Amino acid sequence: MGPTAELRELVDGYVAGYNRYLEDTGVANLPDPTCRGRSWVGPITAADLWANLLDLNRMAGSSGLKEAIVGGEEPEGPAPAPGSNAWALGRQATRDGHGMLLADPHFPWNGIRRFYQVQLTIPGVLDVSGGSLYGTPVVQIGHNARVAWTHTVSHAHRFTLYRLRLAGDGAYLVDGRAEPMGRQRIEVPLKDGTLTDRTLYTSRYGPVLAEGRSDEYAYAFADANAANLRAADEWLAMAKAGDLAELRAAQDTFQGLPFVYTLATDVSGTATFADASVVPHVSDDRARRCAVPAPDPSLEAFTLDGSTSACLWGRDRDAVVPGLFGPGSQPRLTRADYVANSNNTPWMTNPAAPLTTYGQVWGATRTDVETRPRVSLDMIARRLSGTDGLGAPGFTLPTLQASAQAKRNYTFELLRSDVAALCRDHPRATASDGRRVDLRQACRTLTAWNGRATLDGQGAILWREFYTGLQRPVRPGEPAQPWWRVPFDPEQPLTTPRGLDRDDPAVRRALADAVQRFQAGGIP
């Protein structure tokens, strides 16, 4: 499915507007000093915009693994996904019975992957407001008069690796037959004016990694978003939706969202969650049956046997592209109260209706929800019961804003009483370097802190350093040791883990180390 004629016109218009602004303003007069007067600033073409859209869609896949594909640099793996929070509130959660939405994306403040506020209006055709990523002509997160939607980064897989059994002479075996690798020689100009060149190899599955290759095996990278240009059409169609049914139809038609969950609501007061993203069709059975050793254990990806066509991605009848899961397989939940996500897997989208029937490729079920999603669910529960100090139950715009901006530090709330007891019993502790550290001033600061991360919240930064230290291993290269008093229990996902193991010397050492860092840096 290629880009629609409407989207092509939108891209051409974006390019024309960019180039007109640049011509009228002049490179020497650009307001941003990062770009002002730079030799690399110049007009753009539609091809530039299409390349940017494709690179965005590949962000959770091949765009983040270019070094592993090309070679010559140590592969870093895909960058950690930015965290985001999202609540879609239905009529049972709001005072006026309409839908409300909290969109809290945590994309960077710099670089090309940042949002800017935009309004797109074509009378009688389009009227949408929201956030758009630089270099894209559509609203990724936004609302029109009847529908609002947002996204958080999904846990689903975007790619798999295929282990190729090499057959010599640049070939590999599939079902006992040799297939030749494709070969392309590329030259890339460097900033110093010199050229570097590489030979890239390809297979039926995708590019062959430069990393992990031996005389017997090589590994190919199969990216579900490799040729995905459908996302922009999908966002454009979502912007025109008159209700959630039309928004869902837009997603089912284009099936192009590259790596995000969708949470949405409408004026009828219905709230919905879906992982309507591009996901390779790897069932749990196929993942088990086709599993082979990975070239790099740190890559969180299925590694499948590429020597047999029985391990190719499956297909759904309702998928617009072979090899992907179709809409009928996606984790989805529609409610009249709420759905919420803070980059946790789908299973705790709403604790009243856990999602547990999806496959591993979508993320884990019955696992630790983690504290950021837990505080979101706690804030919603307190608002719906009216126990958060904000008045009668139910969300209004002011109470939604107050909840979202409360700056609660949930880990401190969970551990406050244990920290007070630790401080009472251990006014001094031994740091990692063996020195004894006086904890009394730090303890006074923590016990007096109200647990809010406000600008004048003395204790917030100290707590951050202490809590971060708890996650560190005692020795480099070793896993961090558990320090919760009560471990995670899938039967109690919203109240575990909890408590601090005050008898663990590593806990006291983490606080002593934090105090040392403050003292060494001259920080009050």
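This report walks through the overall build, the cores and a few backbone details of the chain.

## About the model

The structure is a predicted model, in which local features need pLDDT of at least 70 and side-chain atom pairs count only at pLDDT 80 or more, while totals for chains, interfaces and linings use all residues. Residues are numbered from 1 along each chain as its sequence is written, and side-chain values use heavy atoms, with hydrogens and water left out.

## Overall build

Let's start with the whole chain. It has 12 helices and 21 strands; these are DSSP runs numbered from the N terminus, with helices (H or I) of at least four residues and strands (E) of at least two. The radius of gyration is 26 Å, close to the 24 Å from the globule rule for 524 residues, so the chain is as compact as a globular protein of that length. That radius is taken over C-alpha atoms, and the rule is 2.2 Å times the number of residues to the power 0.38. Along the principal axes, the C-alpha atoms fill a box of roughly 70 × 60 × 55 Å.

## Inside the chain

Of the 524 residues, 47% count as buried. Buried means under 20% relative accessible area, exposed means over 50%, and partly exposed is in between, with a 1.4 Å probe and protein chains only.

The largest nonpolar core has 80 residues, and Trp87, Leu415, Trp463 and Phe466 have the most contacts inside it. Such a core is a set of buried Ala, Val, Leu, Ile, Met, Phe, Trp, Tyr and Cys residues joined through side-chain atoms within 4.5 Å. Apart from this core lies another, of 32 residues, including Leu56, Ala231, Leu244 and Ala250. Back in the 80-residue core, Trp463 touches Leu415 as well as Asn409, Thr411, Phe412, Val419, Leu446 and Trp449, leaving aside its neighbours within four places in sequence.

## Backbone details worth a look

Thr496 and Pro497 are joined by a cis peptide bond, with omega about 0 degrees. Pro497 sits in the loop between strand E20 (484-486) and strand E21 (498-500).

Two residues other than glycine have positive phi: Arg366, near 55 degrees, and Lys407, near 60 degrees. Arg366 belongs to the loop between strand E17 (338-341) and helix H7 (371-385), and is partly exposed at 39% relative accessible area. Lys407 is found in the loop between helix H8 (397-404) and helix H9 (410-425); its relative accessibility is 46%, which also counts as partly exposed.

Terms used
Contact = heavy atoms within 4.5 Å.
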